[in-house]
Amino acid sequence: MIGGERLLQVLEANHYHLVIHGHKHHPRLRYSTSGSRALPVFASGSLSAIISDVLSRSARNTFHIIELLAPDSSLSYIRGSIRTWELSADKGWIESTYQSSGFPKDAGFGCKSQPSEMATRIETTLANNKFLEWSDMLEQIPDLRFVSIIDLRAIAEILKTKNITISPTTEEPLLVGRPKTI
């Protein structure tokens, strides 16, 4: 959009918390800037597009439910999560997968902790366990629910240096732990 970056600067300066837009076939979540007032910007993808055979290999009709946790006295920014479904030609609406739609079934935004700090918290929580289910890790570290996909990838890279992996994929984690040493 012509002037889109300027619009984001105005929204940041006026303390808006979230931008949602459409008109793109591919859902995507990013931040407007890297500053302290960075806004989550969510491109929702398409809900009812007639998608060509070629495009259907990488894009799906999707819908989302966004849960927002409003700022409280200790936070001046919003945190939230996005739950996504995609349209399957033979099954109807199903939970989205990163592999098929390019967007995971669960995505977070609003965590202000640095990836290095979150990696340390994961390592500490894992302690002497060989692995933990991701759901257990979320219970132990609730802020993980609000980590963006981009930051989760950075966390995974830091954890790799400590011989800790997130599996099966960073975009759709089920387990976190130390792989067997051969």
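Okay, quick definition before anything else: when I say buried, I mean under 20% relative accessible area. And keep in mind that this is a predicted model.

Let's start with the rings. How many aromatic pairs does the structure hold? Three. Take Phe42 and Phe103: that pair is tilted, with 45° between the planes and 5.6 Å centre to centre. They come from distant parts of the chain, 61 residues apart. Phe42 sits in strand E3, while Phe103 is in the loop between helix H2 and strand E7. Both Phe42 and Phe103 are buried.

Next up, Phe63 and Trp85. These two are stacked, 5.0 Å centre to centre and 10° between the planes. Here too the pair links distant parts of the chain, Phe63 from strand E4 and Trp85 from strand E5, 22 residues apart. So, buried or partly exposed? Trp85 has a relative accessible area of 19%, so Trp85 is buried. Phe63 comes out at 28%, so Phe63 counts as partly exposed.

Okay, over to a sheet. This one is open, with three strands in the order E8-E10-E9 and antiparallel pairing. Strands E8, 131-133, and E9, 165-168, stand at the edges with a single partner strand each, so each has one side left without a neighbour in the sheet. Neighbouring strands are turned by 30° against each other on average, ignoring direction.

Note on methods:
Residues are numbered from 1 along each chain as its sequence is written. This is a predicted model: local features need pLDDT of at least 70, side-chain atom pairs count only at pLDDT 80 or more; totals for chains, interfaces and linings use all residues. Side-chain values use heavy atoms; hydrogens and water are left out. Two strands pair if DSSP finds at least two bridges between them. Helices (H or I, at least four residues) and strands (E, at least two) are DSSP runs, numbered from the N terminus. Axes are lines fitted to C-alpha atoms, for helices over the stretch in contact, and angles run from 0 to 180 degrees between N-to-C directions. Rings of Phe, Tyr and Trp (its six-membered ring) pair if their centres lie within 6.5 Å; planes under 30 degrees apart count as stacked, over 60 as edge-to-face and the rest as tilted. Buried means under 20% relative accessible area, exposed over 50%, partly exposed in between (1.4 Å probe, protein chains only).
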